[in-house]
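This report covers how the parts of the assembly are arranged and where they touch.

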Amino acid sequence: MSLLAVTGIRKSFGPVDVLHGVDFKVDAGEVVGLVGDNGAGKSTLMKIVTGMYSADAGDVALEGESILGKTPGERRALGVEMIYQDLALARQQDVAANIFLGREPVRTLMGMKFVDRLTMKRQAQAMIDRLGAKLPAINRPVGSFSGGQQQSVAIARALTFNPKIVIMDEPTAALAVREVQGVLDLIRQLREEGIGVILISHRLNDVLSATDRIVVLHHGRAAANLTTAETNMAEVVSAIVGGSDMVEAAAHEARA
Amino acid sequence: MPRKTPTAMFGAAAVAMMLVAGPAQADGEYGILMKTLANPFWGAMGQGVEDGAKEAGVDYFMQAVESDQAAESQLNVCNTMLQRNPVAMITAAISSTNLLPCLKSAQDAGIKIVDLDGNLDPAILEAEGIDITFRIGSDNVLAGAQGAEFMVSQLGADATGPVLVIEGLSGNITGQMRAEGFAERLGELAPGLEIVASLPGDWDRGKAANITNDILTRNPDLVGIFAANDGMALGAVESVFAAGKGGEVVIIGVDGNSDAVKSIQDGRLTASVAQLPYLVGKQAVETVKMAVEGEEVEESIIVPTLVLTKDVMDAGTEPLLEYVK
Amino acid sequence: MASTEPRVKLPARGLWSRVQARSIEQLHIRLESLVVLIALAMLMAILSPFFLSVSNFLNILLATSTIGVLAIAATFVLSSGGLDLSLGSVLGLSGVVGAAVAVKLGAPMPIAVLATIGAGALAGLVNGLIITRAYVPAFIVTLGMLGIARGLALIISDGRVIYGLPQAMVYLGQGRPFGIPMPVIIFIVTAIVMHVVLAYTRYGRHTLAIGDNENAARTAGINVDFHRLTLYTLSGALAGLAGLLFATRINSGDPTAGITYELTAITAAIIGGTNLFGGRGSILGTMIGALIMGVLQNGLNLLAVQSYYQQMAIGAVLILAVFIDQFQVRKESRV
């Protein structure tokens, strides 16, 4: 049984068919790269997995049980986390508020439930420390942080509640070289802890170095399912562009 | 320590302020609370109060609020004025009820209360147990009736045709009294004149002009317009003249303000029932002084209104003309 | 030692900065606004011999109570990134409904009180339903409700003040247990409860998060539409409470009550540090904002300054408050 099994997912927005029957699997402790050209349907597919979009047809199962009927909040509680490209941070709130957004611990006092700020701060600090991230202060609005620091907060949020699967949407796109290495190290660490990872990225070098398997989306279908150890840049690029102009595209990618 | 500082600061400041004893005395001051000074009517009344106070040699302080709709704000100002312990409060209430709590406190403090311009309702005052020293003002129902009388004098008692009434702000008692006074007397004197519409112009010149336009479209044979104040009457004048019906429609306003006087002299507005606010303000102060000094005063003083027309102004013999500002 | 708070040290920037940071974190207020309030009070005390007295202080609180309750509503909606322009009209409508139920139908006091607040909540619910179900912008919906509620108030009351509420109701507006006006007590209790809700409950924290980044709130599993619906309903209910205070204070339902109050309420919230575009706001801050306006008005009244100047002064304070705030935010983001 796979950790996450996506079968026959279809989705259209009005007249535009984005996904026509995507099959896709991730095992525990497996890192799967999800690549494809712009508009291939990667983001739509992941939003269907997290529950932000509903699917027209098909199923999404976590550990064998369908989660399609569940809200985004319920899916998070089951262990499906996503780190968005725009990070989805509340910029005027502090680190703890962002990490615990939507699942704040509460203390009951005279029949009323109050947010437990102390616990939040302590756990947030512990998670930031575990990630080895450097933040100017934990009680400041995250909007005052640098891009890399904000990313640390977004990652900390995804990891705080013992996720089973973490989806990362372009986690390295806006980072400096040194920070990219940190993210790739983190992915390997997650694999060792038995967490499934889906890595969406345009940086094929990163994908080739960090993943176990690469799924290529093309025109709303899973066009290729490659084992990373047995493939190379040219093959991946060829699948992305749909077989034609393979040499030229690969050459372009190599130059880049 | 640092985290307690803001609370501590606030607490200390609050305690320091509480320790200071009650308000200081300011003997003999008259508190005057107007609606607003932002229109010629209230401006003239304020001027009358000022001149009256100077002539009588009394101290006064005058307050007004930002608009004649700021009912609660006027109540708050009224409460604040009591802090200065005036001997009398001369109040022009925005509604018949908005100042009630303040007037009660004033009464408890032994402050004489004057209803300037007759905005308070005697029945409500009695229910609340508030005794005012006197009320002074024009009778708004009578002003409306005078307007009707003048209209009938122009058109004839057997005249027929549609008439438009432009009321004040929806919910405002003054406008309602004027409009009702007009309608009632018109019905008595000239049943053939039919009020085809009675609409709120919200004291707004532009709105009154629009209403007049609309009704002229429906009733091109309109013979008369009564507006609950001059501003709206002047708006109606513009629409009537723009429709090419200048001189064919009798247009009457209320207040007798300077714009209206000018328009009457130009032969555009037919008449205005002048309220003589200057005289109201002046007499109010003079009468309060008498009451404070222990003299008996009448409980209800009605300052007469005057129908201003071109003829009256050209003749210049009417004694009340002096008070038309 | 290393594990507890190694990187959480507040930047060592002197006592003022530290107190500032603490007051935001612990009390959710900006210290500047408190300083402005105290300075203003001291100035008025120097300028007017009538300012410093218990009765005048109660006066200020009494004068602030209606607008203060409305400003609480404005703070909740604004900090969620929303807007409620119908507050003043809903206040007027609620007061008229309450007065009509009490006077014309002769209902007992608890029913009339419920009707007053319920009328406000219902208007707010309608706002919320249209905003969250029909996706009409809040500005438009509440602007429409501004007209609808006012018109309805005039229709129900036939354009006239409905006078003569039952004594038990009037007590809410005019009673003075222990010498403290009832509206002041209701206002302060409401403010404390709502402060706790906004600052210390999940509901309140989610309100701020939605105003900060709606998308982030959605991905965090917050039911944003339902949350907004409850916020507009809450806003309407608070406007109803303000309408109750207004009506019982003057012993009548006045259909013209509360015209332009929404703008005053929003002004108080913003002077108190609420972000007009959402994500930041606190009820304590708003109370300080409302009191700054109250003290300013009271002081200028005591000095017999014409009302025209008062409007200018409040306008200037509003701009100044937002200027100081922007300055602070920029300073912070330079860390």
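In this predicted model, the centres of domain 1 of chain A and domain 2 of chain A, taken over C-alpha atoms, are 27 Å apart. The domain assignment gives domain 1 of chain A two segments, 4-79 and 164-255, and places domain 2 of chain A at 92-161. Contact between them involves seven residues of domain 1 of chain A and six residues of domain 2 of chain A. On the domain 1 side, five of the touching residues are nonpolar, one is polar and one is charged.

Between chains, two pairs touch, and chains B and C have the most contacts of the two. Chain A and chain B do not touch: 15 Å lie between their nearest C-alpha atoms.

Chain C does meet chain A, with 27 residues of chain C in contact with 29 residues of chain A. On the chain C side, α9 (202-212) and α10 (214-219) each supply at least two residues. The largest share comes from α9(C), with five residues.

The class make-up of two of the contacting sides is listed below.

| Domain 1 of chain A, touching domain 2 of chain A | five residues | one residue | one residue |

Note on methods:
Residues are numbered from 1 along each chain as its sequence is written. Chains are lettered from A and ligands numbered from 1 in the order in which they are written. This is a predicted model: local features need pLDDT of at least 70, side-chain atom pairs count only at pLDDT 80 or more; totals for chains, interfaces and linings use all residues. Helices (H or I, at least four residues) and strands (E, at least two) are DSSP runs, numbered from the N terminus. Domain bounds come from an automatic or database domain assignment. Ala, Val, Leu, Ile, Met, Phe, Trp, Tyr, Cys and Pro count as nonpolar, Asp, Glu, Lys and Arg as charged, and the others, Gly among them, as polar.
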